[in-house]
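Hello,

Here is the structure I said I would pass on. My notes on it follow below.

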Amino acid sequence: MSKKNIIPIFVPHLGCPNDCVFCNQKKIASASTNVDEVFVRDKIEEYLGYFKDKSNVEIAFYGGSFTAIEVSVQSLLLRIAKEYKDRGIVKSIRLSTRPDCIDEEILSNLKNFGVDTIELGVQSLDENVLKLSNRGHDARCVYESSKLIKESGFQLGLQQMIGLPGDSEELSYYTACEFKKIKPVFVRIYPTLVIVDTKMARDYKSGAYVPMSLESTIGICKELLKFYMLNDINVIRIGLQPTENIRLGADVVAGPFHPSIRQLVEEELLYDFFVDYFKNMDTAEKVINIYSSNKNISNIAGQKKSNKNRISEALNLRDIKLKFKDISDYEFIVLLDQEEFHIDIREHIKTEIKCT
């Protein structure tokens, strides 16, 4: 299937019934709340003009809590999206919302307008973390709304935040294990950033909240990525999309922000994997050839070849030669001396999973 091209329509803070401690949705979306028919049509046409391949286009309503918006406004926005879908110009429609803004009537309306995918901003399934984050709903609500969404025929995506008040590595992993039970099609992982004009920003200034370091964030995200990988749950994003405002020194006051955080996570994962896999073999002063997907070539190499150099040093290799092979992102073919290794990374990490 061709790569999915996304048309993002931001509806920041429209209808959201809650003020979470971490959220200033207007800042995150970097847009006004004046989202009307003209705005939506202009945005769709703008993005369609960018795409060379228009065979797999999706309109995605981000920000705020879509299903908390007044129904007449929801219908206005979705009617435009459905028009493009009915004409065959876009293939699918997606939206994000809160777990406590889902019921059978809402889902029926979304179905009528051709919505395909619903993402729930879950963030955590630990009750104390939800309370300290002022989420305004409990964990049971997440299970109930997820069940309704799946039974109604929608694809379900779940969003997880790590580093919220009261959170820990163990609790983040607990949430991931519960996500596995819910069985979403995909997840997003968002390390918590301190955004201006939020309660969290005030708590950070007073010392009541301490954000995670980038190093610890990479470590936790690495373990979560391995867990989701092994359980065939696609992680479609790690970290907020960098924008003019979403960066340190702008609207991000503090926290583990990095414009390429997913790459850092995957580099660390592959470093651990190759070093552990070959640590008991005679690799001193030898050359290994690694065949992989283009994505993994980039991640093994790392930024300015930093990861490749780390792996070489750890295994005392003379060189690593990276070559493209049309295989999945889970697979590697490695030549060492005269021996050829066919490796599936999921098989290697099976013993590391902490819950079933």
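**The sheet and what surrounds it**

An open sheet is built from 4 strands in the order β11-β10-β12-β13, with mixed pairing. Two strands pair if DSSP finds at least two bridges between them, and helices (H or I, at least four residues) and strands (E, at least two) are DSSP runs numbered from the N terminus. At the edges are β11 (319-324) and β13 (339-344), each pairing on one side only. From one strand to the next the twist averages 20°.

This is a predicted model, in which local features need pLDDT of at least 70 and side-chain atom pairs count only at pLDDT 80 or more, while totals for chains, interfaces and linings use all residues. Residues are numbered from 1 along each chain as its sequence is written, and side-chain values use heavy atoms, with hydrogens and water left out.

Within the sheet, β10 (residues 287-292) and β12 (residues 331-336) pair in the antiparallel sense over 4 bridges. I288 stands opposite L336 in β12.

Helix α10 (residues 261-278) lies across β10, β12 and β13 and runs at about 45° to β12. Axes here are lines fitted to C-alpha atoms, for helices over the stretch in contact, and angles run from 0 to 180 degrees between N-to-C directions. Contact means heavy atoms within 4.5 Å.

E267 is found in α10. Leaving aside neighbours within four places in sequence, E267 is in contact with N299, G302, Q303, S306 and N307.

In helix α11 (residues 294-301), the buried residues are N296, I297, N299, I300 and A301. Their cover includes α10, β10, α12 (306-315), β11 and β12. G302 follows α11 and has a positive phi, near 75°.

**Cores**

A nonpolar core is a set of buried Ala, Val, Leu, Ile, Met, Phe, Trp, Tyr and Cys residues joined through side-chain atoms within 4.5 Å. The largest has 82 residues, of which F61, I118, Y228, F274 and F332 touch the most other members. α10 gives the most to this core, with 10 residues. Apart from it lies another core of 13 residues, among them M161, L164, A201 and Y209.

Regards

Notes
Buried < 20%, exposed > 50% of the residue type's maximum accessible area, 1.4 Å probe, protein only.
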